[in-house]
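Student: Please take me through one part of this structure closely. Then show me how the rest is laid out.

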Amino acid sequence: MDCLTKFNSPQLKTLHRGKVRDSIRIDDQTRMIVVTDRISAFNKKIKTPIPTKGAVLNGIANFWFDQTKHIVDNHIIQQVDDYITLVKEAVPIRVEMVVRAYLTGSMWRGYEAGQRTFSGVTVGDGMVKNQRFEHPILTPTTKDEDDTEIDEQGILGAGLVSAAIYDQMKEKALAIFNFASTFLRDRGIILVDTKYEFGLLNGQLIIIDEMHTPDSSRFWSADDYAKNPTAVAQIDKEFVRQWMLSNKVNGEVPLVLIPEIIAETSNRYQEIYNTVTGQVFYLVDMPSKVRVYHNLVKAGVLKSAVVAIVMDDLSQKSEAARLEKELAAYDLCVQLVLLEDIDELSATYNQTIEPVAIIALGQTQPTLDAHMSVPVTSNSKDALRGLNLHALRTALDK
Ligand SMILES: Nc1ncnc2c1ncn2[C@@H]1O[C@H](COP(=O)(O)OP(=O)(O)O)[C@@H](O)[C@H]1O
Ligand SMILES: [Mg+2]
């Protein structure tokens, strides 16, 4: 199975490329989240993607949004591809609602160093690593580069959200956490901790971002925890981390995984999907770019192809407008561009999800020929042929 590592279409504006997900603008009310196969560990980007990981994470998040919609409304509009979901654009609340059921991770490191109050929650002395709290606790952080601990007073004092909305966020975060913990416990999984993000949509609180994925949560196997609570491993990434630690090169963890580790990691993600959702993970056997293209065209998110008319100065504008009019008869995306930065142009039009053809005006042809991997032509008929779309060929034959 090939990997989806990046989403690139000249028809849509990229809002943000995160460590794992690409966020794309559809319109003012809608954003598109593409969960790629990228993976990070030890806060480093790993160079080798994990096949199917994106589909697993997208599927798990959407499963949870659906399961918890009776507790709180969420941003989901529609899953349009195994890797891709359309969501409602909300005004994000700049707080990460972290819920923890066990003393572990960064909190344990702070505890070990003598810290007892975390985001306003005070815990007693004498606790041990990975010990369970009596009740899940809320340890919010700011939503910025360094995820700083912040307590309720700090949140309200900084005006990040109103007291009335914050009360709802606390209640909903704990309710969802408890619901999911019970659900997963029956499947032998401990939901150790997680992070929720909320937003406002027409003034109403909704939950956004992702939910209970291995990228936003920590999971342990209940069996492993019972056997050896202080040494229990995270069920998704621990395997990759251990391999990286035992294969250091000059004291540094490797950022390229070997095929065996990639395949095993991919399988582990799929197993998590199966356990959580109770469904068997399945992805149609087809190159991901082809599948994504067909699904997005079908969903009306993309036109089936792009023709870019490239000028070297604005004196060619009337010629470009004439070509644009000619092409308006076809259901395509036609773009007029000025050749300024060829690197930018090739980043936009090479390696896209959809077919692209270029019409070169003025003196742009030699530069375009040298840098573009898509057909470069001088008229609309050749551009249409260059797209090599079945529907267009039929139209041209007529
Ligand atoms: N429905 C939504 N409306 C507005 N913003 C959202 C919505 N869902 C997610 N986001 C925002 O999109 C961003 C996604 O970034 P992410 O993929 O997590 O990258 P990073 O690796 O930088 O955290 C987050 O800032 C999140 O708050
Ligand atoms: Mg994030």
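Tutor: Strand E19 (residues 356-360) runs parallel to E20, and two bridges join them. Two strands count as paired if DSSP finds at least two bridges between them. Ile-358 has Val-376 of E20 as its bridge partner. This is a predicted model: local features need pLDDT of at least 70, side-chain atom pairs need 80 or more, and totals for chains, interfaces and linings use all residues. Residues are numbered from 1 along each chain as its sequence is written, while chains are lettered from A and ligands numbered from 1 in the order in which they are written.

Now widen the view. E19 and E20 belong to an open sheet of four strands, in the order E18-E17-E19-E20, with parallel pairing. Strand E18 (333-338) and strand E20 (376-377) are the edges. Each has a single partner strand, so one side of each has no neighbour in the sheet. Strands of a sheet pair through backbone hydrogen bonds, either parallel or antiparallel.

Next, the whole chain. It holds 13 helices and 20 strands. These are DSSP runs numbered from the N terminus: helices are H or I with at least four residues, strands are E with at least two. The C-alpha trace spans about 80 × 50 × 40 Å along its principal axes. An automatic or database assignment sets the domain bounds. The domains are domain 1 (13-90 + 248-290), domain 2 (91-229) and domain 3 (304-397). The centres of domain 2 and domain 3, taken over C-alpha atoms, are 50 Å apart.

Ligand 1 comes next. Domain 1 and domain 2 both give residues to its shell, so ligand 1 lies between them. The shell has 16 residues, with Gly-18, Lys-19, Arg-21, His-75 and Ile-208 the closest. A residue counts as near if its C-beta atom, placed from the backbone, lies within 6 Å. Strand E2 (21-27), strand E7 (84-88) and strand E14 (189-201) each give two or more residues.

Last, a helix. H7 (residues 259-277) has 19 residues and reaches 27 Å from its first C-alpha to its last. That is close to the expected 27 Å, which is 1.5 Å times one less than the number of residues. Its buried residues include Ile-262, Tyr-269 and Val-276. Buried means 20 or more other C-beta atoms within 10 Å of the residue's own, with C-beta atoms placed from the backbone; exposed means 12 or fewer, and partly exposed lies in between. Helix H1 (53-67) and helix H6 (238-246) are among what covers them. Gly-278 follows H7 with a positive phi, near 75 degrees.

Terms used:
Two residues are in contact if their C-beta atoms, placed from the backbone, lie within 7 Å.
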